[in-house]
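Biologist: Please pick a single part of this predicted model and describe it closely, with the cut-offs behind each term.

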Amino acid sequence: MTPDWTCGSCGDDWPCATKRHHLLHEYEVDRASLSVYLGSCLAAATHDLRAAPVTALQDRFIGWVPRGPRPF
């Protein structure tokens, strides 16, 4: 939920743990698209959450995405 970027279900900061799990499942075969989507969310959130440190927003929006090869 913008402009606070909180989860509409639990109220935690978006993306909450549940949303992260769902996003990883939804974009399981296309991690690049997940990164593009989260990057666009980060850009919008940077505008809405101007007082938040940029590095904290980066960690929150894209820092949790696993890197490297996916296990099969």
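**A buried arginine and its helix**

Modeller: Arg 60 counts as buried, because its relative accessibility is 14%; buried means under 20% relative accessible area, exposed over 50% and partly exposed in between (1.4 Å probe, protein chains only). The model is predicted, so local features need pLDDT of at least 70 and side-chain atom pairs count only at pLDDT 80 or more, while totals for chains, interfaces and linings use all residues. Residues are numbered from 1 along each chain as its sequence is written, and side-chain values use heavy atoms, without hydrogens and water.

Arg 60 belongs to helix H3; helices are DSSP runs (H or I, at least four residues), numbered from the N terminus. Beyond its neighbours within four places in sequence, Arg 60 is in contact (heavy atoms within 4.5 Å) with Asp 4, Trp 5, Asp 13, Trp 14, Pro 15, Arg 20 and Leu 49.

In H3, residues 54-61, the buried residues are Leu 57, Arg 60 and Phe 61. Viewed down the axis of H3, these fall within an arc of 85°, so they line one face of the helix; the arc is taken from the directions from the helix axis to the C-beta atoms. Thr 55 and Asp 59 are exposed on the face turned away from the buried side. The buried residues of H3 pack against helix H1 (17-26) and helix H2 (31-48).

Two of the residues contacted by Arg 60, Trp 5 and Trp 14, are themselves buried. Together with Tyr 27, Tyr 37 and Phe 61, they are linked into a cluster by ring pairs, a pair being rings of Phe, Tyr and Trp (its six-membered ring) with centres within 6.5 Å.

Conventions. Helices (H or I, at least four residues) and strands (E, at least two) are DSSP runs, numbered from the N terminus. Rings of Phe, Tyr and Trp (its six-membered ring) pair if their centres lie within 6.5 Å; planes under 30 degrees apart count as stacked, over 60 as edge-to-face and the rest as tilted.
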